[in-house]
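Student: Please take one part of this model and go through it closely. I would also like to see how other parts compare in kind, in plain terms.

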Amino acid sequence: MNFTLAEEWYLKSAEYGNSDAQRSLGFLYATGKLGYIDEAKAILYYSFAARSGNIVAQLTMAYRYLHGYGVEKSCKKSSILYDKVARRVVSDYEMRGFGYQVNSQRFSEERKRIHGYQEESDIVDYLKYSSDDPVTMGRLYLEGSLVQQDFQLAFDYFKRASTSGLASGYSGLGFMYNMGYGVTQSNKTAFEYYVMASELGDRDAKSNLAELYFFGYGVRQNTQKAIEIWQENAQYKVEIHNSHANIKKGGKETIEEIRYHAPSNAHLGRVYAYHGSNGKGQGIDRTKASHYFSHAIAAGDISSFYHFSKIHLDKDPSTCQYAVQYMKKLAEKGPWAIILTKAQDLYEEDDTDRALLLSEKAAEMGIEMAQYNAAWMYDKRLGLSSYYKDNEEEEEEEQQQQQQQQQQQQQQQQQQQQKENSNKGRIEDEIVDLIIGEDNNNNNNNNNDNDDNDEENDNEEERPINKLFNKDFWDQQAFRYYDYSAEQLNPLSRIKIGDFFYYGIGVEKSLELAAESYKQAAAVSQPMALFNLGYLYQYGEGVPQDFYLAKRYYDLSLIYQPKGYIPVYLSLISLFFHFVYTLICSLFDPSIKISSSASIDPKISSQTTASTLNGHTTAAGFGNDFGGLLKFSFDNEFFHQLESYTMILFAIIIGFLVIRRQRIILNQQRHPPIHRQQPQPQPQQPQQPQPQQPQQQPQQQQ
């Protein structure tokens, strides 16, 4: 990828008013692809593209106006732009009958297994061969989810389901005839299939049947009947298992739960918002429409986000911040969001360069997941090979430069030879030879120097194509995207922002801002943030030192993440010794506090403690020497080192015990103990008489 060359061609295309080229220039200047970030140029080109109707540029500028990135923060301007994008998404959704399938996840997470299968193809094979569910397969092929979209296969699966008497099969066939997917569009045929599915109790078919009645598609128009069907279908009850029931005390094993049908509530919301109760503009009730839209949103209908936010925004402009969030969610469901799926596929194929590029493009639209992925890749230095030169590329460039220099030298020598007189004396020849000899020596020296430089270059790592592409620049890029993601309430990004502030990575070090970021992440019960807060309160970094709060945060971290018990237990042990030591020191020096009840700034408190322990004030008459000893032992750096060695010692002990236990178990498995069984008494059997053998006696001599 050559972004400098891309800028050159984009500029030429932008001069002719190409909105895609203008948007691309805004992206280059906003993301620092040229080695620097120029927000002014980025906003300029983004604005030109947005006014030209470029939908991605409108989405980008709407996000920037919402948070005030590079422009003055304005919820009104943001809502106007989001309204344009969301209106197009709704129109597309209602025309297609379903949304776009976006399959993506955070790159930092391992790919989750679904039903025991890791690959999506395994899931499809299971549904196709191992399970008898033609309706699900028909929907997958209809919407293009997990498989390549194929209307003919979808029709075949729905047909197979209908021959089995499944209501969803008739409903699917009716939908395909209604929309004209893979078949000749026919509202009349769709009406017939919807009727058959409705008689079998399919709620989607009832809602679609009411739509045909409302607009008179394939049947005589009957507005009141359509509204009655929607109202009857909008809410229903289901029986679910009551896990808290106590049957012995008369509790019910199942309870009824009220649920809402998304399409029916969405249709009723549009009726009362735009058409009226009679379908001709009379009886419009925005309050009732908002009620139905809220039920549809709860049931998962994405088009209701737009109508619900539009009603509230027109009714009360003060609800802009609340309404624009609904529009933003809907605006990010358009076909441009498929870029997330492409980035995911490229990342899984180890094409990290293009995965990062597409993630950044989606991040500029304001999609939070893409912002986190881009930040994570910059943080891990993934996808940056396009910004560096290989040694082979450098050698090729050097060879080209040397060839050009040699050609220039040859041309100069030829010109000089033509000007010189052909009759030269011997002295002049010797002088020329000396000069040539010196040049050769110089060239040899230069060649030796070049060889040394080549050896050094071989030992060096890849060099960036721009000097501005260095570690600080990558850290700033990671921080910027983490900040965008954290602004959209991602707790993982809040933790990373706290880490960046704590260590001073890509930003000026600030323990106070680090603690504030950890607190915001801890508010949603993030175990890592709780643990970090416990550490900060233990040592008083960015917050007043408070051992009680430190233990509380350590305990909460263990509650929300029991698997992380080893670091928590080690920290609790160190906290105990730290507390005991501080308590002992506080007996000799009242300025040392073990809790943050006193409103003393931590820096001032530490300075006061240091000056007190420096011998200016003696402790209980022990003299200046004891005060100096206390100062040395209470030094934070010393205590940090002591804690590190203690944690290493505990880790070694725990590791030894674990290994010892495993060896004992293996030894028992290899040499199982032999259990000696006591002989059981056997029944006595009658003794049989045995023949007596004649005893041999020594013969006597007569």
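Tutor: Of the 14 residues of helix H13, 11 are buried, so the helix is largely enclosed by the rest of the structure. Buried means under 20% relative accessible area, with exposed over 50% and partly exposed in between, for a 1.4 Å probe and protein chains only. This is a predicted model, in which local features need pLDDT of at least 70 and side-chain atom pairs count only at pLDDT 80 or more, while totals for chains, interfaces and linings use all residues. Residues are numbered from 1 along each chain as its sequence is written, and side-chain values use heavy atoms, leaving out hydrogens and water.

The helix covers residues 262-275. Helices (H or I, at least four residues) and strands (E, at least two) are DSSP runs numbered from the N terminus. The buried set is Ala 262, Ser 264, Asn 265, Ala 266, His 267, Leu 268, Gly 269, Arg 270, Val 271, Tyr 272 and Ala 273. These residues pack against helices H5 (75-96), H11 (203-215), H12 (223-234), H14 (286-299) and H15, and against strand S2 (254-260). Contact here means heavy atoms within 4.5 Å.

As for length, at 1.5 Å a residue H13 should span 20 Å, and its end C-alpha atoms lie 19 Å apart, which agrees. The expected span is 1.5 Å times one less than the number of residues. Just after the helix, Gly 276 has a positive phi of about 90 degrees.

One of the neighbours, H15 (residues 303-315), packs on H13 at an angle of about 30 degrees, with the axes 10 Å apart. Axes are lines fitted to C-alpha atoms, for helices over the stretch in contact, and angles between N-to-C directions run from 0 to 180 degrees. H13 and H15 are therefore roughly parallel to each other; angles under 35 degrees count as roughly parallel, over 145 as roughly antiparallel, 65 to 115 as roughly perpendicular and the rest as oblique. Their crossing is left-handed, a term for a near helix turned anticlockwise from the far one by less than a right angle, clockwise being right-handed. From H13, Ala 266, Arg 270, Ala 273 and Tyr 274 make the contact, and from H15, Ser 303, Ser 304, His 307 and Ile 311. By class, the residues of this contact are 4 nonpolar, 3 polar and 1 charged. Ala, Val, Leu, Ile, Met, Phe, Trp, Tyr, Cys and Pro count as nonpolar, Asp, Glu, Lys and Arg as charged, and the others, Gly among them, as polar. An α-helix has 3.6 residues a turn, so residues three or four places apart point the same way.

H7 passes H8 in a left-handed crossing. The residues of that contact are 11 nonpolar, 1 polar and 2 charged.

A further enclosed helix is H18, with 11 of its 13 residues buried. Its end C-alpha atoms are 18 Å apart, and 18 Å is what 13 residues should span. Just after H18, Gly 366 has a positive phi of about 95 degrees.

For the whole protein, there are 30 helices and 4 strands, and 39% of the 702 residues count as buried.
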